[in-house]
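Hi,

Here is the structure I promised to pass on. Have a look at it first, and my notes follow below.

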Amino acid sequence: ALVCFMSIHKNEDLQMIFAKQAKLSTGWASNVRVTHADGRITDIAPNQTPDAHDTCVDTLLPALANLHSHSFQRAMAGMTEYRMAGKDSFWTWRDLMYRFTANLTPEHIEAIAAFVFLEMQEAGYASVGEFHYLHHQAGGTPYADLGELSGRIAAAAATTGIGLTHLPVLYTYGGAGQAPLQDGQARFGNSVDRFNDLVAKARDVVAHLPADCRVGIAPHSLRATSPDDLKAVLAAHTAGPVHIHIAEQPKEVADISAWLGARPVDWLLANAEVTINWSLIHATHMTADETLKMAKSGAVAGLCPVTEANLGDGPFNGPSYLEAGGAFGVGSDSNVLISLTEELRTLEYSQRLRDVARNVMVVGEGSVGDTIYTGAAKGGAQALGRGAGEIAVGELADIVAIDSAAPSMCALRQDQILDGLVFAAKDDVVTDVWSAGRHAVQSGRHVKRDDIVAAYKLAMQSLMASL
Ligand code: ZN
């Protein structure tokens, strides 16, 4: 009787998706049934006919991970595009960000994060790397529960069903050379010891989320830590993803070179054991030699093309990095705009504008859309420590369905679909998203859209009234 019960229970947990076509790890296939259970793909069968219990979709793709997000910054989108006479070009952004961070409550942070995660899922992302550096109360006093705000991010992940890789940030100094934190940075600050306590709290809250969710660490940048602190924190956390901002802007490269005697990427590769568990976020300003060495390290380049364009950071060394076999993924960073299609096409267009050439992000001959999409799927999953990035048995069911019959894509052959998605479509071709099997987006809408949007609007009213 027990065996019988267990087998019935297992059958109830099985979910079947039937797709007219699917991009599998082995290539395109038609009339595919994908079965998943407990968050993982358990069977893939091409050349089937749909069954009454199947969820029927048009085209299945591996869903991307959004590998780099500061969710609270979404609330500032559109507020920092005004030039102030006599101020540097970063000033309006940084000034507003600090004023915002002083007024955000835990309730605001949770509501904003839930809305951001919803937007990511509706855009076709199944998972997120939340690079989380708001830890304390305004002024820098910790909450009664040191992990209060990590708990809010985890709650937003639970509400939306997104696959969360939570990355608490070590932020100790206000600038290169162990400069003290500035006023606006008080909510970010931790010593290594308190950071280790905070990571333990984060592990406790994330343990209540589904099993695909996890915790990594994020030393914010070389300028916000010190060589000794970095060494200590890496020794304390030897498993799981490690993310760090690096070489985003020329001033950072100059400051780090003056302090440590080497450019940021050179210094990091020489002084830390950078492996496939690492993601180097931005890695924009690298020499040819740094680009090659970083590619060989196996770390993921965490590219955030829309934010990098918005902040005027500059383009990534795409061709030489790809030529050397470097791994990459994409993230929405400041979340000024959350759009998978815009993110991917901005990556390629930044290369074209610099090189005055077409079809740059591909080695030799091939489809740019396929190279960028499938590369970002694998690299993003690697960055978040998720067994995902391909549709294959045993992988997490991080899957997106798009409508290839949409007007923007209806004339394309199967082998042109990813070019169409990356260059010709908008995110509204996304019909369904599964995050480790959780079917969060159906018919193009998040299943909890109304409640999450209402809570976000209330939070924004309250936040704007407090500024
Ligand atoms: Zn960032």
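Helices (H or I, at least four residues) and strands (E, at least two) are DSSP runs numbered from the N terminus, and two strands count as paired if DSSP finds at least two bridges between them.

Before going further, please keep in mind that this is a predicted model: local features need pLDDT of at least 70, side-chain atom pairs count only at pLDDT 80 or more, and totals for chains, interfaces and linings use all residues. Residues are numbered from 1 along each chain as its sequence is written, and side-chain values use heavy atoms, with hydrogens and water left out.

Back to the sheet. E11 and E12 sit in an open sheet of four strands with the order E10-E11-E12-E13 and parallel pairing. Its edge strands, each pairing on one side only, are E10 (242-246) and E13 (327-330). On average, neighbouring strands here are turned by 30° against each other, direction ignored (axes are lines fitted to C-alpha atoms, for helices over the stretch in contact, and angles run from 0 to 180 degrees between N-to-C directions).

Strand E4 (residues 55-62) is also worth a look. Six of its eight residues are buried, where buried means under 20% relative accessible area, exposed over 50%, and partly exposed in between (1.4 Å probe, protein chains only). E4 pairs with strand E1 (residues 15-24) in the parallel sense over five bridges, and Ala 19 has Val 57 of E4 as its bridge partner. With strand E14 (residues 399-402), E4 pairs in the antiparallel sense over four bridges; there, Pro 62 stands opposite Ile 399.

- Ser 339 lies in the loop between E13 and helix H12 (340-355) and is buried, at 7% relative accessibility. Its side chain makes a polar contact with the side chain of Thr 341 at 3.4 Å (a pair of N or O atoms within 3.5 Å; within protein, one must be able to donate a hydrogen and the other to accept it, and residues adjacent in sequence count only if both atoms are side-chain atoms). Leaving aside neighbours within four places in sequence, Ser 339 is in contact (heavy atoms within 4.5 Å) with Ala 123, Tyr 125 and Asp 427.
- Gly 379, in helix H13 (residues 368-384), is buried at 3% relative accessibility. Beyond its neighbours within four places in sequence, Gly 379 touches Val 300, Phe 328 and Gly 329. Gly 379 and His 243 are 136 residues apart in sequence and 13 Å apart in space, C-alpha to C-alpha.
- Ala 258, in helix H7 (residues 250-260), is exposed, with a relative accessible area of 68%.

Finally, the chain as a whole. It has 15 helices and 17 strands. Its radius of gyration is 22 Å, close to the 23 Å that the globule rule gives for 467 residues, so the chain is as compact as a globular protein of that length (taken over C-alpha atoms; the rule is 2.2 Å times the number of residues to the power 0.38). Buried residues make up 56% of the 467. Among contacts between residues at least 6 apart in sequence, 73% join residues at least 24 apart.
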